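This report is written for someone meeting the structure for the first time.

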Amino acid sequence: MRLQLLALLTRGPAHGYELKLALEQLLGAAYPQPNVGQIYVTLGRLEKTGLIEGEDVEQAGRPNKRTYRLTEAGQEAVSAWFDETADEPRVRDEFFMKLALAPFAGLADPIALINRQRRQYLNTMRDLSKLAASEDRENKISQLLIEGAMLHLQADLDWLERCQEELE
């Protein structure tokens, strides 16, 4: 979450709750809602590493709030993050490890594992379809997130078919 917070701070100073709301607005309900406590812990760590600077702002009748701004080092870190490609092939897939080890352990039938996982993917796809229908159509980022998740699920379902063909 640290790089996402740095990216949000490129627009200017903000406090933790504003950053939480910005993530929620941008990503919509499809993305797991950030925990405000996690955000503040992450902001504290970013401040200790010099990627952001915090400043206490007085509020009348309320406790001070701490706003954060990006430092030059923080700007460099977030710029470097945007320059990196996402290299995450799913070769460490937990389901695949279960499937590979099931015959070895003798505790699960591989075809039953495939069928159970298929049901889970189909249920998740159904939930995402409902979410897409209820989500604000104007939030293009949220819609793209849901669409991407559904395309990944479809690829996973196709792969499960392939696994079942090979193992039957």
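This is a predicted model: local features need pLDDT of at least 70, side-chain atom pairs count only at pLDDT 80 or more; totals for chains, interfaces and linings use all residues.

Setting aside residues within four places in sequence, Ser 142 makes contact with Leu 26, Leu 27, Gly 28, Ala 29 and Glu 135. Ser 142 belongs to helix H7, and with a relative accessibility of 0% it counts as buried.

**Other residues of helix H7**

Helix H7, which spans residues 140-167, also holds Trp 159, and Leu 153 lies in helix H7 as well. Leu 153 is buried, because its relative accessible area is 8%, where the limit for that word is under 20%. When residues up to four places away in sequence are not counted, Leu 153 touches Tyr 121, Thr 124, Met 125 and Leu 128.

Trp 159, in turn, is partly exposed, with a relative accessible area of 30%. Trp 159 takes part in a nonpolar patch on the surface together with Phe 96, Met 97, Leu 101 and Phe 104, and the accessible area of these residues together is about 540 Å². Helix H5, made of residues 94-105, gives the most to this nonpolar patch, with 4 residues.

**How H5 and H7 lie**

The axes of H5 and H7 come within 13 Å of each other and cross at roughly 5°. H5 is therefore roughly parallel to H7, since angles under 35 degrees count as roughly parallel. On the H5 side the contact is made by Phe 95, Phe 96 and Leu 99, and on the H7 side by Trp 159, Leu 160, Cys 163 and Leu 167.

**Helix H1 and strand S1**

Helix H1 covers residues 2-9, and its buried residues are Leu 3, Leu 5, Leu 6, Ala 7 and Leu 9. Which elements cover the buried residues of H1? The cover includes S1, helix H2 (16-27), helix H3 (36-48), strand S2 (52-59), strand S3 (62-70) and helix H4 (72-83).

Strand S1, residues 14-15, is the place of His 15. His 15 counts as buried at 12% relative accessibility, and, with its neighbours within four places in sequence left aside, His 15 is in contact with Tyr 40, Lys 65, Arg 66 and Thr 67.

**Salt bridges**

Side chains of opposite charge can pair when their charged atoms come close.

| Residue pair | Distance, N to O |
|---|---|
| Lys 20 and Glu 24 | 2.1 Å |
| Glu 47 and Arg 66 | 2.5 Å |
| Glu 166 and Arg 162 | 2.5 Å |

Lys 20 and Glu 24 both belong to helix H2, where they are 4 residues apart, or about one turn of the helix. An α-helix has 3.6 residues a turn, so residues three or four places apart point the same way. Lys 20 is buried, with a relative accessible area of 14%.

The side chains of Glu 47 and Arg 66 also meet in a salt bridge. This pair links distant parts of the chain, with Glu 47 in helix H3 and Arg 66 in strand S3, 19 residues apart. Glu 47 is partly exposed, with a relative accessible area of 26%, and Arg 66 is likewise partly exposed, with a relative accessible area of 27%.

Glu 166 and Arg 162 are 4 residues apart in helix H7, so about one helical turn separates them. Glu 166 counts as exposed at 53% relative accessibility, whereas Arg 162 is partly exposed, with a relative accessible area of 46%. Elsewhere, salt bridges that share partners join Glu 47, Asp 56 and Arg 66 into one network.

Note on methods. Residues are numbered from 1 along each chain as its sequence is written. Side-chain values use heavy atoms; hydrogens and water are left out. Patches are made of residues with over 30% relative accessible area and no salt bridge: like charges are joined within 9 Å, nonpolar side chains (Val, Leu, Ile, Met, Phe, Trp, Tyr) within 5 Å. Accessible areas come from the Shrake-Rupley method with a 1.4 Å probe; for residues, only the protein chains shown count as cover. A salt bridge is a side-chain nitrogen of Lys or Arg within 4 Å of a carboxyl oxygen of Asp or Glu. Helices (H or I, at least four residues) and strands (E, at least two) are DSSP runs, numbered from the N terminus. Buried means under 20% relative accessible area, exposed over 50%, partly exposed in between (1.4 Å probe, protein chains only). Axes are lines fitted to C-alpha atoms, for helices over the stretch in contact, and angles run from 0 to 180 degrees between N-to-C directions. Angles under 35 degrees count as roughly parallel, over 145 as roughly antiparallel, 65 to 115 as roughly perpendicular and the rest as oblique. Contact means heavy atoms within 4.5 Å.
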